Amino acid sequence: MNLVDQTEKTFALTTPLYYVNDLPHIGSAYTTIAADVVARFQRLLGRPVLLITGTDEHGLKIQRTAESKGISPQKFCDQMSGGFVSLWQVLNIKYDRFIRTSDPRHEAIVKEFFQRVWNKGDIYQGQQKGWYCVSCEEFKEERELLEGHRCPIHTNKETEWRDEQNYFFRLSKYQTQLEELYQSRPDFIQPESRRNEILNFVKQGLQDFSISRVNVDLGFRVPTDPKHTLYVWFDALLGYVTALLEPDAEPTLENALAKWWPINLHLIGKDILRFHAVYWPAMLMSANLPLPKQVFGHGFLTKDGLKMGKSLGNTLDPVALTTSYSADAVRYYFLKEIEFGRDGDFNESRFIDVLNADLANDLGNLLNRTLGMVKKYCAGNVPPITSEDIPNDSPLKSIGLRLGEQVKNAYEALAFNQACDAILKLVRASNKYIDEQAPWSLYKQGQQQATEKVLYSVLESVRLAAYLLSPVIPNISHSIYQQLGFEIDFNNQAQTAITAPFAIHGTWGVLSDKQTLGEPSPVFKRIEPPK
Ligand code: MSP
């Protein structure tokens with residue numbers, strides 16, 4: 001297969017394919033929001049983007065949950081998968097592909113891939129003995145386990161002993177190649193702390209892992225031995241490949257890999273890093289396929305400083321949270337407040353404080369009061385000023401001129417909090433500038449042009465802030481743009497890439513008096529803390 005590297009032009013990224021044993025939780029929402037922000041930013045740059053998400057519908061965990069509910073696995077998966085689709089709608093996630101691993105086309109891709117690895121001689125039969133965590137769908141090493149053979153991640157669950165014939169994948173054969181990969185491409189695993197974790201793990205020596213089960217029904221049969229079911233992770237990772245198929249394409253590897261492969265970015269949580277950063281590249285090496293560009297493992301979320309869990313009764317329902325506070329609020333909090341890559345916390349009063357301070361006060365009030373002054377002092381029109389009329393070293397323009405590049409670098413490094421902080425600095429500087437310049441006095445003193453320059457500088461800074469924040473808070477940015485007289489909808493990304501490309505709208509000085517300002521209205525209503 002001759003695969004041309006298309007990835008300079010295209011940008012394909014994935015979220016994990018979420019298990020459907022339960023409704024989506026805030027952790028799944030977190031990864032998907034981040035992925036959506038990356039996708040939206042790349043689209044602003046004008047790159048063709050493919051955002052892949054979906055559901056993982058095989059394995060013992062789901063089989064058991066469906067059994068306990070007395071419904072057929074397919075029916076159960078249909079119901080649960082729908083829950084993810086509707087959450088993504090509520091959170092305003094613009095994905096391009098939603099892959100379900102129960103899709104029959106996926107089986108064809110998995111079979112073809114299995115055959116390639118089989119032909120390579122990398123699959124053999126052996127005896128699997130070990131402790132299995134059904135919640136992780138993973139064998140644990142004795143030394144990793146807590147007392148009573150409990151899983152370190154699912155601390156209230158005991159692992160189960162297995163001693164059975166399985167098929168194995170020769171992971172150990174790829175030890176050197178993997179080490180070379182990590183050395184030659186230091187960006188392959190990010191952030192740095194996760195990369196080190198994997199380097200240490202691999203250094204200890206890789207063991208072959210079993211890729212089939214004999215006691216599980218929910219999954220694909222092993223093509224060469226139908227008594228065995230394929231291990232859920234072996235098929236799930238290949239979901240990223242099946243997702244690349246055009247809707248009416250025949251399910252072959254060649255068709256799937258033609259346009260978007262290799263994937264530019266796999267976004268995942270830190271608990272599933274080994275699968276993505278060790279097993280997956282080794283599987284691809286075995287099948288002679290190019291490797292993804294980057295795997296980024298983000299941190300875990302806690303609530304009020306505590307690990308979230310049903311047994312603790314402190315879960316955070318993403319649907320309820322979004323319905324109460326809006327998609328933009330939820331998206332903004334998680335990306336602005338937490339350094340992506342590190343663990344982070346949700347606390348409701350902190351949540352409300354951050355949103356009120358940044359979105360209602362700093363950004364929303366700034367727009368509102370400036371538009372109010374424009375109405376009074378400039379007859380409601382954009383002042384007839386252009387960027388050239390403002391010196392490059394004036395307080396807002398000097399920040400604005402550098403901001404686009406700075407924010408681009410931050411988004412590209414997935415440093416969402418840095419992107420937001422840099423943008424908010426311009427917003428805060430604008431508030432300060434208005435207070436210092438006091439356009440109301442300038443106007444009273446008859447200094448019309450000076451008044452106009454101040455108001456233009458501030459409105460243009462709000463515009464730039466709205467544009468650069470649009471991947472994170474598309475609805476608020478849309479509302480700001482409308483009030484500034486632009487017919488640009490940040491939720492229609494194909495249109496935005498053409499009418500408001502980053503190369504133009506990502507710089508300072510775009511606002512012009514040819515635009516007709518819209519009616520001022522609050523872009524983010526202050527949240528009253530619950531009593
Ligand atoms: N089905 C596998 C992924 C297969 S990908 C080919 C799976 N699914 S999952 O639904 O259990 O997990 C999905 C994601 O949620 C993981 O990236 C995991 O890290 C993330 N999170 C689970 N709990 C989390 C938090 N408390 N905080 C942040 N993310 C968390 O694993």
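Predicted model: local features only at pLDDT ≥ 70, side-chain atom pairs only at ≥ 80, totals over all residues.
Is Cys133 buried or exposed? With a relative accessible area of 2%, Cys133 is buried, because anything under 20% counts as buried.

If you don't count residues up to four places away in sequence, His154 touches Cys133, Ser135 and Cys136.

Now zoom out from Cys133 to the sheet around it. Strands of a sheet pair through backbone hydrogen bonds, and they can do so in parallel or antiparallel fashion. Here, an open sheet of 4 strands runs in the order S5-S4-S6-S8, and the pairing is antiparallel. Strand S5 (138–140) and strand S8 (209–210) sit at the edges with a single partner strand each, so one side of each has no neighbour in the sheet. Look at S5 next to S4, which spans residues 123–133. Those two strands pair in the antiparallel sense over 3 bridges, and Cys133 stands opposite Glu138 in S5.

What packs on this sheet? That's helix H9, residues 273–286, which touches S5, S8 and strand S6 (160–169). The direction of H9 makes about 30 degrees with that of S6.

H9 also leads us to another helix. Two packed helices are described by the angle between their axes and by the distance between those axes. For helix H7 (residues 232–242) and H9, the axes come within 11 Å and cross at roughly 80 degrees. H7 and H9 are therefore roughly perpendicular to each other, because angles from 65 to 115 degrees get that description.

Which residues meet where H7 and H9 come together? From H7 you'll find Trp233, Phe234, Leu237, Leu238, Tyr240 and Val241, and they meet Phe275, His276, Trp280 and Met283 in H9. Sorted by class, this contact has 9 nonpolar residues, 1 polar residue and no charged ones.

Conventions:
Residues numbered from 1 in each chain as written. Heavy atoms only, no water. Pairing = 2+ DSSP bridges. Contact = heavy atoms within 4.5 Å. Axes fitted to C-alpha atoms, helices over the stretch in contact; angles between N-to-C directions. Buried < 20%, exposed > 50% of the residue type's maximum accessible area, 1.4 Å probe, protein only. Parallel < 35°, antiparallel > 145°, perpendicular 65-115°, else oblique. Nonpolar A, V, L, I, M, F, W, Y, C, P; charged D, E, K, R; others polar.
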